[in-house]
Amino acid sequence: MKRIFAHLKLAAAMLALTALATACGGNDTPAVGGYTRQRSLTADERQLFEQVVDIDGTTYKPRSVATQVVAGTNYRFVCKARDDAGKRFDAVIVIYKPLPGQGEPRVTSIERSAR
């Protein structure tokens with residue numbers, strides 16, 4: 001009987017570890033409603049970024065992107081940036097691309113952090 005309980009404890013511990021690893025991003029499947037992991041940009045994503053991000057006085061170079069499916073798609077670009085005074089900083093730019101026929105892609109947020 002003790003042996004059965006030991007096996008059950010082991011099985012329960014393994015199940016708990018598997019659930020924890022999944023909840024903490026232990027696989028490549030994003031949580032429902034969440035962003036994917038940051039990854040290299042595709043040619044289409046780079047084109048979207050260049051089409052939408054046109055901010056006077058600051059140059060942004062996207063380094064990676066994550067996506068989130070909503071009623072359309074949110075693209076979270078991690079960028080290196082330089083303002084017109086030459087100051088460099090890191091930035092995260094979110095672009096929302098609506099479903100076809102629902103409007104044009106647009107920047108929804110820019111978060112800036114010092115290096």
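Predicted model: local features only at pLDDT ≥ 70, side-chain atom pairs only at ≥ 80, totals over all residues.
Trainee: So pLDDT is the predictor's confidence in each residue, from 0 to 100; over which residues does it stay under 50 here?

Mentor: It stays under 50 over residues 10–26, and for that stretch the model has five contacts beyond four places in sequence, where a contact means heavy atoms within 4.5 Å. Across the chain the average pLDDT is 82, and 70% of the residues score at least 70.

Trainee: Okay, what does the secondary structure come to?

Mentor: The chain has two helices and four strands, and from the N terminus on they run α-α-β-β-β-β. These elements are DSSP runs numbered from the N terminus, with helices being H or I over at least four residues and strands being E over at least two.

Trainee: And how much of the chain is buried?

Mentor: Buried residues make up 26% of the 115 residues. Buried means under 20% relative accessible area, exposed means over 50%, and partly exposed lies in between, using a 1.4 Å probe and protein chains only.

Trainee: Which residues of the largest nonpolar core touch the most other members?

Mentor: Of its 15 residues, these are Phe49, Tyr60, Phe77, Ile93 and Ile95. The elements giving two or more residues to this core are α2 (43–52), β1, β2 and β3. By definition such a core is a set of buried Ala, Val, Leu, Ile, Met, Phe, Trp, Tyr and Cys residues joined through side-chain atoms within 4.5 Å. Leaving aside neighbours within four places in sequence, isoleucine 95 has contacts that include Leu48, Phe49, Val52, Tyr75, Phe77 and Val107.

Trainee: Some of those are rings, so how many aromatic pairs does a search of the whole structure find?

Mentor: The search finds three aromatic pairs. One of them joins tyrosine 75 and phenylalanine 77, which are stacked at 6.2 Å centre to centre with 20° between the planes. Rings of Phe, Tyr and Trp (its six-membered ring) pair if their centres lie within 6.5 Å, and planes under 30 degrees apart count as stacked, over 60 as edge-to-face and the rest as tilted. Ring pairs also link Phe49, Tyr75 and Phe77 into a cluster.

Trainee: Is tyrosine 75 buried or exposed?

Mentor: Tyrosine 75 counts as buried because its relative accessibility is 13%, and phenylalanine 77 is buried as well, with a relative accessible area of 0%.

Trainee: Switching to charges, how many salt bridges does the structure hold?

Mentor: It holds three, a salt bridge being a side-chain nitrogen of Lys or Arg within 4 Å of a carboxyl oxygen of Asp or Glu. In one, arginine 39 pairs with glutamate 45, and the closest N and O atoms are 2.7 Å apart. Arginine 39 counts as partly exposed at 33% relative accessibility, whereas glutamate 45 is buried at 7%.

Trainee: How about aspartate 90, which side chain does it meet?

Mentor: Aspartate 90 meets lysine 80 in a salt bridge at 3.1 Å, N to O. The pair links distant parts of the chain, 10 residues apart, with aspartate 90 in strand β3 (residues 88–98) and lysine 80 in strand β2 (residues 72–83).

Trainee: And aspartate 83, where is its partner?

Mentor: Aspartate 83 and arginine 112 form a salt bridge at 3.6 Å, N to O. Aspartate 83 lies in strand β2 and arginine 112 in strand β4 (residues 106–114), so the pair ties together parts that are 29 residues apart in sequence. The charged end of arginine 112 also sits over the ring of phenylalanine 89, 3.7 Å from its centre.

Trainee: Last one, what does threonine 67 touch?

Mentor: Threonine 67 is in strand β1 (residues 58–70) and is buried, with a relative accessible area of 13%. Not counting residues up to four places away in sequence, it touches Gly34, Tyr35, Thr36, Arg39, Glu45, Thr73, Asn74 and Tyr75, and among these are Arg39 and Glu45, the partners in that salt bridge at 2.7 Å.

Methods
Residues numbered from 1 in each chain as written. Heavy atoms only, no water. Lys NZ or Arg CZ within 6 Å of the ring centre and 35° of its normal.
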